[in-house]
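Here is a friendly walk through some helix packing and a chain contact. Have the structure open as you read.

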Amino acid sequence: MRPLWLVVVRTGGIGRAATVAVCTAFTSGLLLVAVSVLRLGSGSIPERLLAPIADPGTRGGAVLGIVLAALPFLLLLDQSLRLGAGERERRFGALAVGGAAPADLRRWGAIEVGVPAAVGAVGGLLVHGGLRLLLSGPHMGRVGSVVPEQTGPGWWTVPVLLTVAAYGAWAGRRAAARAADSWLVSRGLRRPPRPWGFIPLAGALVLALVSFGGGGRTVTTAALLAAIVLLVVGAASLAPWLVRRSALRALHRPRHPAAVLGLRRIAADPGPAARAGAATGAVALALATVLSLVVDTRSSGDPDVGLVASLVTVGLVAGVALLLVCGSLVVHAVEVLTDRRRSVAAIVAGGVPASVVRRSVRAEALAATLPLAVPGALLGGPVYGWLLAGGGLVELLLVTVGAAAVVALVALAVVLAARLVGPLADAATDPVNLRTA
Amino acid sequence: MNSTTLLHATGLQKSFGRTPALRGASLTVGPRERVAVRGRSGSGKSTLLLCLAGVLLPDAGGVTYLGRRYDAMTADERARLRRREMGLVLQHGQLVPELTVLENVALPLLLEKVERSSAALLAHEWLARLGVAELADARPAEISGGQAQRAAIARALVTGPQLVLADEPTGSLDTVGADEVMAVLLEATRSCDAALVVVTHDNRVAARMDREVSVEDGSTEPAGALR
């Protein structure tokens with residue numbers, strides 16, 4: 001007979017373990033880059049670096065940007081733990097019936113995710129090395145290196161890798177606890193999300209006022225960076241409550257059946273949609289801001305090559321993050337359908353076209369992403385580009401078109417991802433799912 | 001409650017969101033007693049069973065097992081009590097899909113840190129007693145509903161519990177399969193001197209028990225004298 005803990009831990013599957021490892025590898029790799037940049041001294045640096053990194057005044061912002069670039073990978077890790085949630089609930093429910101205590105389930109969950117997370121965290125050394133090869137050295141020319149070659153993460157490597165691995169173990173433990181709780185409350189209602197996110201948002205506002213209110217440069221910079229972090233935390237915490245309320249309000253108006261199905265799924269479990277929506281809003285904000293800065297740089301007549309290169313890098317990272325987020329959201333939606341395939345097949349057998357079910361996946365993903373992508377794009381585009389940075393009518397038109405293009409890009413990413421997983425959604429509607437054991 | 005009471009539940013109230021499931025349900029179970037809990041769908045009988053098992057804590061009222069109050073225990077303590085003293089059988093078997101039938105039956109023993117070979121031996125004995133020893137290496141997806149219920153019963157009894165709680169154990173089976181599983185459950189619990197509480201809507205199942213309690217709109221009433 002096999003060791004129990006080994007069987008339970010392996011049931012997560014090699015796919016999920018690999019996804020977790022890849023996510024933690026990129027997370028720790030990017031954090032190692034951020035630490036390398038932080039360790040640059042204030043004196044003269046014996047290598048040509050990207051302007052925002054070389055300048056001690058903007059270095060903090062550059063570090064924050066690199067750290068934020070790791071967020072989509074953490075979101076993807078969290079999303080990958082939600083994949084197979086229905087199956088995990090059934091498995092953990094069965095283990096609980098067999099006598100496993102909640103502490104046992106949490107421990108197995110921590111091991112199931114913590115081990116691949118630790119492997120991936122160590123793999124982050126390779127990611128850091130790879131980024132250094134790609135984004136440093138003479139081939140970067142006038143742009144300058146993004147990853148310092150002369151300075152590395154040093155002894156900070158160990159705490160970074162341990163922190164990333166520990167995050168993976170904590171995420172696995174939390175997912176296991178959620179699965180165990182779901183078994184207990186599956187006969188009732190899930191507790192709706194609460195708007196606790198207003199608290200960090202209020203903190204962000206206070207810190208922003210402190211930052212703009214004057215004071216020493218260190219205090220101002222620290223307050224501004226802390227405000228940005230709290231803004232991100234607050235927006236991410238508030239997203240489930242916002243998304244659920246938006247979905248419920250939208251359901252009050254007459255809707256196409258596909259939209260009703262998608263909005264009801266969001267209202268029942270707003271977590272995954274909210275996280276994806278928050279991430280999409282942040283990506284749209286970043287992309288629209290990048291376009292605004294490019295327009296501003298162009299209109300100044302003598303564009304700084306280093307700055308433009310930085311902006312393009314940020315834009316590419318944001319684009320990759322967008323694809324990851326939209327893809328994972330659509331996959332989650334299809335998985336929910338697959339989990340409930342008997343009821344889905346039943347409604348199709350009763351006369352609802354299978355195309356409605358397929359379209360509900362697209363409707364759900366659009367309903368989760370567009371309500372946050374639009375304000376993100378508007379904030380980064382017309383608002384920032386024109387009101388804050390100043391400019392004429394041409395610049396306003398350009399940034400507005402840019403913002404619209406960002407929103408269209410988000411919609412296109414969702415539609416493409418939904419089309420790719422269409423066959424999986426169709427499988428849920430197959431009448432064979434109506435068979436009883 | 002007296003010194004021979006195994007399980008005592010009084011004034012249980014439980015709601016899920018705004019939906020009340022139990023409104024003042026009470027039940028007492030003595031050693032080796034067989035009690036049927038009957039009621040319509042949605043009457044709260046399954047919720048009552050989960051409260052008796054300590055899986056759910058009621059919003060009001062209390063449950064004691066051999067004088068120990070559930071609300072004085074943590075979730076982990078209640079799970080350990082359930083594992084050592086009780087057996088739980090649900091409508092659909094609830095076997096872990098990734099474990100073999102043998103591993104499923106041995107699960108409570110392995111969680112109690114019983115040595116693997118001893119756990120396997122004991123689990124095999126129980127599978128043989130219930131007539132499904134040949135399925136030891138099969139996965140739950142490869143066996144029938146009736147076979148899965150026998151395996152679930154074996155798992156519930158492998159630790160020698162004093163109380164077995166079964167929620168619609170024959171609900172997903174045909175008439176013949178239901179009769180066989182019920183006969184197996186009754187004989188197995190009798191051989192262990194375990195008390196048995198069965199939630200059921202089936203008259204034939206209730207007729208085989210010593211006593212019947214009726215649940216209606218979340219409240220309990222005794223229905224019929226001790227047989």
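Predicted model: local features only at pLDDT ≥ 70, side-chain atom pairs only at ≥ 80, totals over all residues.

## H3 and H5 in chain B

Sorted by class, the contact of H3(B) with H5(B) has five nonpolar residues, one polar and one charged.

How are these two helices set against each other, in angle and axis distance? Helix H3 of chain B covers residues 101–111 and helix H5 of chain B covers residues 145–157; they pack at an angle of about 25°, and their axes are 7 Å apart. Angles under 35 degrees count as roughly parallel, and H3(B) and H5(B) are therefore roughly parallel to each other. If you look at the handedness, H3(B) passes H5(B) in a right-handed crossing.

## Where chains A and B meet

Now turn to the contact between the two chains. Chain B brings 32 residues to it and chain A brings 26 residues. About 2,500 Å² is buried between chain B and chain A, with carbon and sulfur atoms giving 66% of that area.

How many salt bridges are there between chain B and chain A? The count is two. You can look up B:Asp76, which forms a salt bridge with A:Arg106; their closest N and O atoms are 3.9 Å apart.

## H10 and H11 in chain A

Chain A has helix pairs of its own to explore. Helix H10 of chain A (residues 217–250) packs with helix H11 of chain A (residues 257–268) at an angle of about 145°, and the two axes lie 8 Å apart. Is the crossing of H10(A) and H11(A) left-handed or right-handed? The crossing of this pair is left-handed.

On the H10(A) side, the residues in contact are A:Val243, A:Arg244, A:Ala247, A:Leu248 and A:Ala250, and they meet A:Leu263, A:Arg264, A:Ile266 and A:Ala267 in H11(A). By class, the contact of H10(A) with H11(A) has seven nonpolar and two charged residues, and no polar ones.

## H2 and H7 in chain A

Helix H2 of chain A, residues 14–38, and helix H7 of chain A, residues 102–135, pack at an angle of about 45°, with axes 5 Å apart. That angle makes H2(A) oblique to H7(A).

H2(A) passes H7(A) in a right-handed crossing. The contact of H2(A) with H7(A) has 15 nonpolar residues, along with eight polar and two charged ones.

Conventions. Residues numbered from 1 in each chain as written. Chains lettered and ligands numbered in written order. Heavy atoms only, no water. Axes fitted to C-alpha atoms, helices over the stretch in contact; angles between N-to-C directions. Helix = DSSP H or I, 4+ residues; strand = E, 2+ residues; numbered from the N terminus. Parallel < 35°, antiparallel > 145°, perpendicular 65-115°, else oblique. Left-handed = near helix turned anticlockwise from the far one by under 90°. Nonpolar A, V, L, I, M, F, W, Y, C, P; charged D, E, K, R; others polar. Contact = heavy atoms within 4.5 Å. Buried area = accessible area lost by both parts, 1.4 Å probe. Salt bridge = Lys/Arg side-chain N within 4 Å of Asp/Glu carboxyl O.
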